[in-house]
Amino acid sequence: MSGQLTGQRAFITGGASGIGAEMARRFTREGASVVIADVNDTLGKAIAVEVGGEYVHLDVTDSTAWEKIITTHKPFDIVCLNAGVATKTDVFGATVDYPFQHLDNDSYQHIMSINVDGVVFGARAVIPGMVERRSGHILVTASLAGIVAIAADPIYGLTKHAMVGLTKSLGAALEPHGVCVSALCPAFLDTPLLSDNTRKNLSLLDLGIMDVSIAGDLAMRALTERVSGSQWIVMDGQSISQYIPAAPFA
Ligand SMILES: NC(=O)c1ccc[n+]([C@@H]2O[C@H](COP(=O)([O-])OP(=O)(O)OC[C@H]3O[C@@H](n4cnc5c(N)ncnc54)[C@H](O)[C@@H]3O)[C@@H](O)[C@H]2O)c1
């Protein structure tokens, strides 16, 4: 199939579901070949079959597994560091309980290991090959919660702000080496990440949930504009745009 990504190879973590699966579908339509990496083997294999790609089991928190898989499957033109979780299923809405009330060590370490360590380990595994070839694009799935407050889940907000910070600095560091790093910062998308309660609260507040196909458009916009260190935002009813914060010392 020919398109804007003809001949390119993409690696997508969390590709078994939601945003990752959508990027797999869209990249395939654009002519790329796709490797889906996930811990959900059943869904991951099904998406791989659907798009005619490959599936690999990868727990993004396992740095040794990252190195092995990238060594075996490289090179990649596009790497989507997308797998992510929330600390609780209600990522939006009721803040009746104060946010840290139920934050035990296990749930804190769980989200930090996937949303932060998993992205750092992935970037570290793929960057040397990209720098050597002086090409490549790393897409980090952050969130609008990496730019604005998310009162119901501050630790989710912490991890997504970390992803925006990583993208900015890594983007600046890698640009001279021909490698681009961009962050995707969508608002709410219709994926299994959103619980029924979150959906109910969003509806009460008249906040829309976007069709997940927007994720494909968002990723394609970031890939085609190719601005290293950039953040790409989209909200229900608004078009995709680059978020450019005011410089603090202009
Ligand atoms: N859905 C939204 O509203 C929304 C908005 C902004 C950003 N995001 C972000 O988008 C990304 C994808 O979320 P989604 O909405 O598609 O959710 P999802 O639950 O549909 O998909 C997440 C995928 O990550 C996989 N995963 C979880 N832990 C993993 C691990 N340790 N190793 C490998 N894979 C693992 C899951 O199996 C699943 O397939 C996340 O980083 C999320 O924070 C989601």
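## Sheet and pairing

Threonine 141 faces leucine 184 in strand S6 as its opposite number. Strands here are DSSP runs of E with at least two residues, helices are runs of H or I with at least four residues, and both are numbered from the N terminus. The model is predicted: local features need pLDDT of at least 70, side-chain atom pairs count only at pLDDT 80 or more, and totals for chains, interfaces and linings use all residues. Residue numbers start from 1 along each chain as its sequence is written.

The sheet is open and has eight strands, with mixed pairing. Its order is S3-S2-S1-S4-S5-S6-S7-S8. Strand S3 (54-57) and strand S8 (241-243) are at the edges with a single partner strand each, so one side of each has no neighbour in the sheet. On average, neighbouring strands are turned by 25 degrees against each other, direction ignored. Two strands count as paired if DSSP finds at least two bridges between them.

Strand S1 (residues 9-13) pairs with strand S4 (residues 78-81) in the parallel sense, over three bridges. Phenylalanine 11 stands opposite valine 79 in S4. S4 and S5 are also parallel, with four bridges. S5 and S6 pair in the parallel sense over five bridges.

Where does S5 sit, buried or exposed? Five of its five residues are buried, so S5 is largely enclosed by the rest of the structure. A residue is buried if 20 or more other C-beta atoms lie within 10 Å of its own, exposed if 12 or fewer, and partly exposed in between, with C-beta atoms placed from the backbone. Both faces of S5 are covered. His137, Leu139 and Thr141 are buried on one side, Ile138 and Val140 on the other.

Val140 stands out again in the largest nonpolar core, which has 71 residues. Ile36 and Val140 have the most contacts inside this core. Helix H4 (residues 105-133) gives the most to the core, with nine residues. Such a core is a set of buried Ala, Val, Leu, Ile, Met, Phe, Trp, Tyr and Cys residues joined through C-beta atoms within 7 Å.

Valine 140 in S5 is the bridge partner of leucine 81. Not counting residues up to four places away in sequence, valine 140 touches Leu81, Val119, Met163, Leu166, Thr167, Val181 and Ala183. Contact means C-beta atoms, placed from the backbone, within 7 Å.

## Helices across the sheet

Helix H2 (residues 41-51) lies across strand S2 (33-38) and S3. H2 runs at about 175 degrees to S2. Helix H5 (residues 154-174) lies across strand S5 (137-141), strand S6 (180-186) and strand S7 (230-234). H5 runs at about 160 degrees to S6. Axes are lines fitted to C-alpha atoms, for helices over the stretch in contact, and angles between N-to-C directions run from 0 to 180 degrees.

## Ligand shell

How many residues surround the ligand? There are 29, and the closest are Gly14, Ser17, Gly18, Gly84 and Thr191. Helix H1 (18-29) and H4 each supply at least two shell residues. H1 has the largest share, three residues.

By class, the shell holds 14 nonpolar, 13 polar and two charged residues. Ala, Val, Leu, Ile, Met, Phe, Trp, Tyr, Cys and Pro count as nonpolar; Asp, Glu, Lys and Arg as charged; the others, Gly among them, as polar.

## Backbone exceptions

Most residues other than glycine have a negative phi, and most peptide bonds are trans. Lysine 74 and proline 75 are joined by a cis peptide bond, with omega about 5 degrees. Proline 75 is in the loop between helix H3 (63-73) and S4.

Arginine 134 has a positive phi, near 50 degrees. Arginine 134 lies in the loop between H4 and S5, and counts as exposed because it has 10 C-beta neighbours inside 10 Å. Aspartate 206 also has a positive phi, near 60 degrees. Its place is the loop between helix H6 (196-204) and helix H7 (213-225). Aspartate 206 has 7 other C-beta atoms within 10 Å, so it is exposed.

## Isoleucine 240

Isoleucine 240 is in the loop between S7 and S8. With 17 other C-beta atoms within 10 Å, isoleucine 240 is partly exposed. Leaving aside neighbours within four places in sequence, isoleucine 240 contacts Asp217, Leu218, Arg221, Trp232 and Val234. Alanine 222 is 18 residues from isoleucine 240 in sequence and 9.8 Å away in space, C-alpha to C-alpha.

How values were computed. Two residues are in contact if their C-beta atoms, placed from the backbone, lie within 7 Å. A residue is near a molecule or strand if its C-beta atom, placed from the backbone, lies within 6 Å of it.
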